[in-house]
Amino acid sequence: MQNTITKLFNIQYPIVQGGMIWVSGWKLASAVSNAGGLGLIGAGSMYPDVLREHIQKCKKATDKPFGVNVPMLYPDIEQIMDIIVEEGVKIVFTSAGNPKTWTNFLKEKGITVVHVVSSVKFALKAEAAGVDAVVCEGFEAGGHNGREETTTFTLIPMVKEQVRIPVIAAGGIGSGRGMLAAMVLGADGVQIGSRFAATKESSAHENFKKTIVDVKDGGTHLTLKELAPVRLVKNKFYNDVQELYASNPTVEQIKELLGRARAKRGMFEGDLEEGELEIGQIAGLIHEIKSAKEVIEEIITEFNTVKGNF
């Protein structure tokens, strides 16, 4: 299955594993890359020395291409970028910031750069900044989301109409049918997060993985928009947030409730009551914890089968 995305990253299938915080370590990234997709290490939850360790372990675990996802709001961003260059990482996905800030620096080092966007406006800015491709992430996605609340299947054709660089669809995609639908609408590839969060190689806590499998439709909601919109499982912490909203709180009061390391507490340490559990709407279609290889094989098999029926 060769197209612009497989050629850009030198991979077998146009499938990118989302670089999720507390979930996407070297084990998951290398497993996805070994299975023919593009694995991403999620730097957003890693101190610089931890990221270096994960990159080094990933290089030992796979001889296939892999990348690093870097939220540009990271406090140690300069150190992170230096480590990426020093360790010879060839692919970087940037998010949560202005793509102009680091694109030239990375491109000058021979690194392929992809930026995550949630609107046509930001897709055009990313293209103007010189990125090689954009990930267009819709409202359905888990974790931090765009403020526009544009759904994936309306965002993709609108972005595709405006940009000339490859477009990767993200948000609400976790099956071969979803992948085919995204590509019919103009996507050149897909980025999948939630489905890979519920895999054997994911670094998420087993409690969180089981929660993903148990989530039904309507079990997640986009909230905390005053800080950074994030899609969460409806647990005790989520209910506490909604109760606070009923009192018309200030931003400071919301920050006080959120506190620090709330996502780590839920997703990595397994606190299902007080932790922040970030997952996409597609969780309602995830019914079993499987290996990354099995997930990719199922997606490709279903993609080819459904495509062949038309």
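Some bookkeeping to start. The model is predicted, so local features need pLDDT of at least 70 and side-chain atom pairs count only at pLDDT 80 or more, while totals for chains, interfaces and linings use all residues. Residues are numbered from 1 along each chain as its sequence is written, and side-chain values use heavy atoms, with hydrogens and water left out.

Helices here are DSSP runs of H or I with at least four residues, strands are E runs of at least two, and both are numbered from the N terminus. Two strands pair if DSSP finds at least two bridges between them.

I take the 8-stranded sheet to begin with. The sheet is open, its pairing is parallel, and its order reads E1-E9-E8-E6-E5-E4-E3-E2. From one strand to the next, the twist averages 25 degrees. Inside the sheet, E8 (residues 167-170) and E9 (residues 189-192) run parallel and are joined by 3 bridges. Opposite alanine 169 stands valine 190 in E9.

Now the helices. For angles, axes are lines fitted to C-alpha atoms, for helices over the stretch in contact, and values run from 0 to 180 degrees between N-to-C directions. Contact means heavy atoms within 4.5 Å. H2 packs on this sheet and touches E1, E2 and E3 (66-71), with its direction at about 170 degrees to that of E2. H6 (residues 120-129) lies across E5 (112-117) and E6 (133-137), at about 165 degrees to E5.

What does H2 do with H3? The axes of H2 (residues 26-34) and H3 (residues 48-61) come within 9 Å and cross at roughly 30 degrees. The two helices are therefore roughly parallel to each other, a label for angles under 35 degrees. On the H2 side the contact is made by Trp26, Ala29, Ser30 and Asn34, and on the H3 side by His54, Lys57, Cys58 and Ala61.

The other sheet is open too, with 3 strands in the order E7-E11-E10 and antiparallel pairing. Its edge strands are E7 (143-144) and E10 (220-223). E10 pairs with E11 (residues 230-233) over 4 bridges, in the antiparallel sense. Threonine 220 has valine 233 in E11 as its bridge partner. H11 (residues 236-245) packs on this sheet, touching E10 and E11, and its direction makes about 45 degrees with that of E10.

Notes:
Parallel < 35°, antiparallel > 145°, perpendicular 65-115°, else oblique.
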